[in-house]
Amino acid sequence: PAKKPRAPRPPPRRVAPPAGPAAAPSPSKPQVDLSTPSGGPLQELSPNVPNSGAAALSPAAEGKRPRPAEPGSAAKRQRSSAAGPVVALSGFKDSTDPAMALYTTRAKQDIVKMIQQLGGTVASGRSDRLEGDVTHVIAAPSSRTIKVLGAALTGKWVLGAHWIHECATADQWVSEAGFGFCGDADRMRGKKVFVSEQFHAQAKKSKDRMNHVTDLVVHYGQGQIVHELQDADMVFVGPREGASPYPGKDARTWEQFIEYLYPSTQLVLNHP
């Protein structure tokens, strides 16, 4: 009889060597892609985004995040104007002079109440500084404080206390015309001022004179202090110096400069 064919043998089984303890999988870390689509340099992190490894926000994304308005910014001034004037007071003090009857300490308290009852705001802060959101300054007769001069240089209204009393009588804010004047924000803008040696020597005798020069020319006036005479439009000179050493320049003493910012004719209009 024919022999049956043998079935093919299965391949030999390979026995794997005993495995050691399995290594623990490393924890996965979130990856942040800081590359730019064009492969260019990395973008700087936005100053408003913490540097925690996250990519910088695009300008479009940042535009969706409301940012708080800076003090004195246009947004803050618009909010203040919508709610009523922001009023600063200057030159109030106790006096027996009848012309100062509306500018005593007691009168100041009454004016503050009137402003608030009309829906306005009384500016707070340092007494010798003009806050950026102020719209009106109520000043005593002949008052030429740094606050008043700052208002004259930044386009603010400088008014007498009569205006507040008139508004209180009408129970509404009335026109400022006839009660004062509105400053000129371009009065010193871009002007270059040179300070002479004699002015410096005189300024040392007056407390904070040079600080006031910087405040009025640079901070409020948006001008510059220059160190070369040839670059100057205006020169601050000493009281006995005169303009002759500075031909072609607008030479002024400190008193003449104050008169230039806040003319005496306006003082009369300020207090009818």
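A residue is taken as buried when its relative accessible area is under 20%, and by this criterion helix α4 is mostly covered, with 8 of its 8 residues buried. The structure is a predicted model, in which the mean pLDDT of the chain is 77 and 67% of the residues reach 70 or more. Over residues 22–81 the pLDDT falls below 50, although this stretch still has 38 contacts in the model beyond near neighbours in sequence. Where pLDDT is low, the predicted coordinates should not be read in detail.

The buried residues of α4 are Ile146, Lys147, Val148, Leu149, Gly150, Ala151, Ala152 and Leu153, and they pack against the strands β1, β3, β4 and β5 as well as against the helices α7 and α8. Just after this helix, Gly155 adopts a positive phi of about 75 degrees. In the loop that leads from β3 to α4 lies Ser142, whose phi is near 60 degrees, a positive value in a residue other than glycine; with a relative accessibility of 57%, Ser142 counts as exposed.

The largest nonpolar core comprises 32 residues, and those with the most contacts inside it are Met188, Leu216, Phe236, Phe257 and Leu261. At least two residues of this core are supplied by each of β1, β3, α4 (146–153), β6 (192–195), α6 (197–203), α7 (209–220), β8 (234–236) and α8 (254–261). The greatest contribution comes from α4, which gives 6 residues. In soluble globular proteins, nonpolar side chains tend to be buried together.

Five strands form an open sheet with mixed pairing, in the order β2-β1-β3-β4-β5. Because β2 (121–122) and β5 (180–182) stand at the edges, each with a single partner strand, one side of each is left without a neighbour in the sheet. The pairing of β5 with strand β4 (residues 157–159) is antiparallel and extends over 3 bridges, with Val158 standing opposite Phe181 in β5. Helix α3 (residues 105–117) packs on the sheet, where it touches β1 and β2, and its direction makes about 175 degrees with that of β1. Helix α5 (residues 161–170), by contrast, lies across β3 (136–139) and β4 and runs at about 110 degrees to β3.

Within strand β1 (residues 86–90), Ser90 has a relative accessibility of 5% and therefore counts as buried. The side chain of Ser90 makes a polar contact of 2.6 Å with the side chain of Thr145. When neighbours within four places in sequence are left aside, the residues in contact with Ser90 are Val137, Ile138, Ala139, Ala140, Ser143, Thr145, Lys147 and Val148; of these, Lys147 and Val148 are among the buried residues of α4.

The loop between α5 and β5 contains Asp171 and Gln172. Asp171 has a phi near 60 degrees, again a positive value in a residue other than glycine, and counts as exposed at 62% relative accessibility. Gln172, at 48% relative accessibility, counts as partly exposed, and, apart from its neighbours within four places in sequence, Gln172 is in contact with Leu118 and Cys167. Although Gln172 and Gln117 are 55 residues apart in sequence, their C-alpha atoms are 9.7 Å apart in space.

Technical notes
Residues numbered from 1 in each chain as written. Predicted model: local features only at pLDDT ≥ 70, side-chain atom pairs only at ≥ 80, totals over all residues. Heavy atoms only, no water. Helix = DSSP H or I, 4+ residues; strand = E, 2+ residues; numbered from the N terminus. Buried < 20%, exposed > 50% of the residue type's maximum accessible area, 1.4 Å probe, protein only. Polar contact = N/O pair within 3.5 Å; in protein donor to acceptor, adjacent residues only side chain to side chain. Contact = heavy atoms within 4.5 Å. pLDDT = per-residue confidence, 0-100. Pairing = 2+ DSSP bridges. Axes fitted to C-alpha atoms, helices over the stretch in contact; angles between N-to-C directions. Core = buried A, V, L, I, M, F, W, Y, C linked by side-chain atoms within 4.5 Å.
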